[in-house]
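Me: I'd like to walk through a structure with you, a bit at a time. Could you keep the answers plain?

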Amino acid sequence: MRYAVLVTGPAGAGKSTFSNALLTHLHTAKRSAHLVNLDPAAEAESFEYEPVIDIKDLISLEDVMAELGYGPNGGLVYCFEYLLQNMDWLDEELGGYEDDYLIIDCPGQIELYTHHPFLPTLVKHLSRVGMRVCAAYLIESQFMEDKYKFFSGVLSAMSAMVNLEIPWINVMSKMDLVTSSENDAASGRNGIRTRKDISRFLDPDPMLLVSAPGSREERTERNSRFHALNQAIVQLIEDHPLVSFLPLDLTNPDSIETVLSHIDYTMQYGEDEEPKEPHDLDEGDFADME
Ligand SMILES: Nc1nc2c(ncn2[C@@H]2O[C@H](COP(=O)(O)OP(=O)(O)OP(=O)(O)O)[C@@H](O)[C@H]2O)c(=O)[nH]1
Ligand SMILES: [Mg+2]
């Protein structure tokens with residue numbers, strides 16, 4: 001069985017850094033895993049591990065922009081259209097990976113997840129060729145600094161989930177930047193300092209959006225109109241509690257392990273593996289025990 005994890009999320013959420021860290025972690029656990037680069041704009045130097053499959057071998061954003069005169073976003077759309085017209089290239093590239101875990105590092109253009117049909121088409125294709133696919137959607141911990149920004153992140157995660165329709169986990173990346181220090185100005189204007197506050201974001205509490213009745217924020221007419229909108233969003237999130245976040249702190253191996261075990265679980269990793277019969281075992285199966 002082949003497995004693929006799509007690492008998705010807005011620009012700069014830490015997708016490439018997480019993909020690298022996950023690969024290191026999988027290699028340490030002696031699991032066979034490879035990087036696939038699906039970002040036609042990625043710089044070659046940005047990869048710690050050489051991608052085994054790289055969309056840039058098919059088409060690069062730089063060439064599209066130079067030769068066809070597109071801007072970066074139109075160019076990205078062109079690259080994905082080109083990829084979908086050349087899926088035999090991808091099939092050929094995938095051919096060699098039979099029992100592996102592929103970490104697919106995706107671009108950061110949010111529209112790719114929320115309304116373009118490219119990723120759903122790609123995912124359907126991967127499933128058809130016998131891959132088990134899941135997605136990890138990253139948003140960065142700085143989103144927790146501002147409750148409105150945070151809920152825009154929650155809504156983007158929801159809309160990406162609905163668009164892709166595959167097993168899914170949401171990850172709050174860069175948790176190493178969240179400090180509990182009172183003196184740290186970067187602790188956020190919502191004063192995220194205690195564990196309890198953080199948990200209101202990891203398991204989004206829609207009541208964060210509702211300003212206290214009679215507060216200065218609510219009194220102005222403009223904000224009272226927003227208040228109604230916020231109430232509607234609160235209702236939506238309460239009625240469809242689809243999104244919760246796993247915290248990811250790359251400085252802590254246990255945190256990566258937890259995220260990986262959720263990914264394994266959503267993809268039912270290893271469930272089809274037959275246990276080895278005693279006569280099939282060799283010395284390699286006991287290497288870890290020495
Ligand atoms: N402190 C901290 N910084 C991080 C972490 N992950 C990524 N970064 C930084 O965030 C920036 C963006 O990281 P990338 O991994 O390139 O993010 P990305 O989502 O791949 O970005 P795009 O592909 O451009 O959308 C870089 O400067 C990273 O060093 C993290 O866990 N902690
Ligand atoms: Mg990246």
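**Backbone, helices and ligand shell**

Reply: This is a predicted model, and a place to begin is Lys30, which lies in the loop between helix 1 and strand 2 (33–37).

Me: What is the phi of Lys30 like?

Reply: Lys30 has a positive phi of about 60 degrees although it is not a glycine. Most residues other than glycine have a negative phi.

Me: And is Lys30 buried or exposed?

Reply: Lys30 is exposed, because 9 other C-beta atoms lie within 10 Å, and the cut-off for exposed is 12 or fewer.

Me: Where is Lys174, and is that one buried or exposed?

Reply: Lys174 sits in the loop between strand 6 (168–173) and helix 9 (195–202), and with 21 other C-beta atoms within 10 Å it is buried. Phi of Lys174 is also positive, near 60 degrees.

Me: Switching to packing, how do helix 3 and helix 4 sit against each other?

Reply: Helix 3 (residues 61–68) and helix 4 (residues 72–85) pack at an angle of about 110 degrees, with their axes 9 Å apart, and they are therefore roughly perpendicular to each other. Their crossing is right-handed.

Me: Which residues meet there?

Reply: From helix 3, Leu61, Val64, Met65 and Leu68 meet Pro72, Gly75, Leu76, Tyr78 and Cys79 of helix 4. By class, that contact has eight nonpolar residues, one polar and no charged ones.

Me: Last topic, which residues come nearest to ligand 1?

Reply: Of the 14 residues around ligand 1, the nearest are Gly14, Lys15, Ser16, Thr17 and Gly108. Helix 1 (residues 15–28) gives the largest share of the shell, three residues, and by class the shell has four nonpolar, six polar and four charged residues.

Note on methods:
Residues numbered from 1 in each chain as written. Chains lettered and ligands numbered in written order. Predicted model: local features only at pLDDT ≥ 70, side-chain atom pairs only at ≥ 80, totals over all residues. Axes fitted to C-alpha atoms, helices over the stretch in contact; angles between N-to-C directions. Helix = DSSP H or I, 4+ residues; strand = E, 2+ residues; numbered from the N terminus. Parallel < 35°, antiparallel > 145°, perpendicular 65-115°, else oblique. Left-handed = near helix turned anticlockwise from the far one by under 90°. Contact = placed C-beta atoms within 7 Å. Nonpolar A, V, L, I, M, F, W, Y, C, P; charged D, E, K, R; others polar. Near = placed C-beta within 6 Å. Buried ≥ 20, exposed ≤ 12 C-beta atoms within 10 Å, placed from the backbone.
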